[in-house]
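Please look at the model below before reading on.

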Amino acid sequence: MLLLTPGKPTKSKGKADNFPQKPTFTNSAKPKNVTKRIFSRLRISQKIGYGYALAIGIAILGTGIGMGVGDYFRKQALYQLNIAQQQQELLQSLQNTVFQARSHASRLPVVMGDLVWLKYENSQFLEQINSAKILISRSQAFIETNSSNLPLNRDELLSLLKKYAITIDYYGEMIKLQLKESNAWNIKPNQIVPTQLKILRNISGEEALLLDRLSDSLTQQISAIGIQKLQGVEGVQDAEALRFRIILGSMLISAVIAAALAYHTSRAIAQPLETVTNVAQQAARESNFRLQTPVTTEDEVGILAASFNQLIQRVGDYTQELKQTQSQLIQTEKMSSLGQMVAGIAHEINNPINFIYGNIEYADGYIHDLIELLSLYQQQYPQPTAAIQDKAEAIELDFISEDLPKTLSSMKIGADRIRELVISLRNFSRLDECEMKLTDIREGIDSTLVILNYRVKHGIKIIKEYGELPLIDCYPAQLNQVFMNIISNGIDALEELKNHPFPTIWINAEASESNCIRVKIRDNGPGMPPEVQENIFDPFFTTKSIGKGTGLGLAISHQIITKHQGTIEVNSEPGEGTEFVITLPISA
């Protein structure tokens with residue numbers, strides 16, 4: 001699927017790169033794994049065929065899995081049901097056997113005196129006791145063998161059976177001992193009633209009550225197993241329902257996949273063509289050649305989108321080159337005219353200022369001589385006439401004698417200042433230097449600051465940090481133009497913050513270890529957001545209001561630094577100021 005998104009422009013710091021001969025893919029469109037990469041390389045016909053094969057395969061595989069899973073859980077449920085059934089039968093038989101043993105034990109006092117019945121009931125009692133012990137052993141072995149599949153708590157059930165075995169064994173031994181002590185097999189008629197009462201008390205005593213409690217616990221266990229059996233039956237039904245749901249779900253999934261493939265196939269063919277058409281129309285309408293169509297596949301549609309991206313990129317690069325050439329011609333003509341004008345002004349100012357500067361020395365000597373002569377007159381004629389005295393007071397002769405040298409000194413300082421400005425204008429224009437020459441770039445920075453002094457004197461502090469710098473082979477006038485553009489932009493940024501407490505521009509120039517000179521110009525102004533930094537060197541891009549910026553200064557500065565085989569970078573964060581880093585080779 002293709003989406004219409006603007007691409008980022010490529011900033012070239014040297015010669016333009018050649019266009020790739022093969023379709024390229026954007027980072028956002030790269031497959032994230034091997035499966036997507038392989039699928040993206042398939043042709044549309046292969047995708048359709050494999051898609052429908054996948055849908056049918058899911059239906060068949062889902063049916064097989066459903067039947068297999070359903071049978072597995074059904075067998076598990078039946079196995080659990082069988083285990084519960086066997087355990088319930090063993091415990092039920094144990095409970096019945098104990099009940100029979102107690103029943104025969106309760107009839108022993110009744111048949112006392114009748115030797116035949118006594119022997120019968122005693123043998124039945126002992127037989128049921130032995131059967132109970134056997135059933136307890138079988139139950140314990142069954143529990144040990146199937147401990148992981150028991151529906152009840154294993155340790156609790158084993159503890160109950162152990163108590164049962166001890167109690168039943170003790171109960172049987174107690175009955176045998178009672179019969180032996182009472183000589184029940186040769187009992188006399190007068191001893192029958194007391195023996196009956198004694199045996200009746202014993203068989204209904206504490207051991208009998210313990211057997212009753214154990215029997216109640218066993219009844220609870222049997223009831224719990226019955227509940228587990230019902231759950232096992234439900235498990236069988238759930239397994240059947242699960243098998244049905246898996247089969248039905250696989251069929252539904254295969255149907256959904258088939259429908260999705262049909263929908264996706266139609267969109268995969270029609271939508272990319274529509275997207276490419278829209279991009280082409282928008283690019284032609286808005287002259288925006290940064291638009292790109294993301295390439296997500298390597299099939300026929302992906303090749304079409306990649307070819308279109310190459311075409312629109314080529315048109316955009318040609319347009320960019322045309323704009324750069326146009327801006328360079330405009331700026332070259334502009335700087336040529338400006339240089340001629342500056343040179344003419346500097347020449348016209350230079351002659352009269354030299355005349356003034358040269359005559360100030362003579363005027364200073366003449367005035368000094370006149371003041372000395374006046375002082376000598378005052379010494380020789382300390383009592384001037386009244387007219388002279390009045391005139392001296394009227395013109396404040398003493399003040400003139402003291403202030404006139406100061407005035408001449410101020411005029412001399414002003415003349416020096418004008419001469420410095422003229423020299424700075426001549427150094428900045430450099431119209432007579434059309435070839436590269438060895439230059440100290442610190443002089444160019446200082447000349448630029450002299451010209452911009454009228455702007456930085458209103459509260460903006462300039463901090464210069466120069467290291468020991470070698471001379472570099474360069475075009476001095478062009479580098480001065482770069483310094484002028486960057487420092488002017490820094491001043492503009494600081495002037496926007498009217499309440500800034502300490503507006504400052506730092507200029508650092510030092511030699512690096514890589515045979516280069518690095519110049520850093522930093523301000524503590526408002527900074528720039530990332531989207532502005534990405535376009536800061538583009539021709540005609542400006543964030544200033546109409547009439548204050550043309551968008552050519554930094555673009556031409558970038559071209560000049562590139563022409564010197566150097567680099568220019570910008571580092572900025574909103575609210576943290578902006579720093580331009582210029583790196584120039586010492587010898588081009």
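Predicted model: local features only at pLDDT ≥ 70, side-chain atom pairs only at ≥ 80, totals over all residues.

Residues are numbered from 1 along each chain as its sequence is written, and side-chain values use heavy atoms, with hydrogens and water left out.

**Strand E9**
- Strands (E, at least two residues) and helices (H or I, at least four) are DSSP runs, numbered from the N terminus.
- All eight residues of E9 (residues 578-585) are buried, so the strand is largely enclosed by the rest of the structure; buried means under 20% relative accessible area with a 1.4 Å probe, protein chains only.
- In a regular strand the side chains alternate between the two faces of the sheet.
- Thr 578, Phe 580, Ile 582 and Leu 584 point one way from E9, while Glu 579, Val 581, Thr 583 and Pro 585 point the other way.

**Partners of E9**
- Two strands pair if DSSP finds at least two bridges between them.
- E7 (residues 516-523) runs antiparallel to E9 and is joined to it by eight bridges; Arg 518 has Thr 583 as its bridge partner.
- E8 (residues 567-572) pairs with E9 in the antiparallel sense over six bridges, and Glu 569 stands opposite Val 581.
- Five residues lie between E8 and E9 in their hairpin, and Gly 575 in the turn has a positive phi of about 85°.

**The whole sheet**
- The sheet is open, with five strands in the order E4-E6-E7-E9-E8 and mixed pairing.
- E4 (461-466) and E8 stand at the edges with a single partner strand each, so one side of each has no neighbour in the sheet.

Key
Buried < 20%, exposed > 50% of the residue type's maximum accessible area, 1.4 Å probe, protein only.
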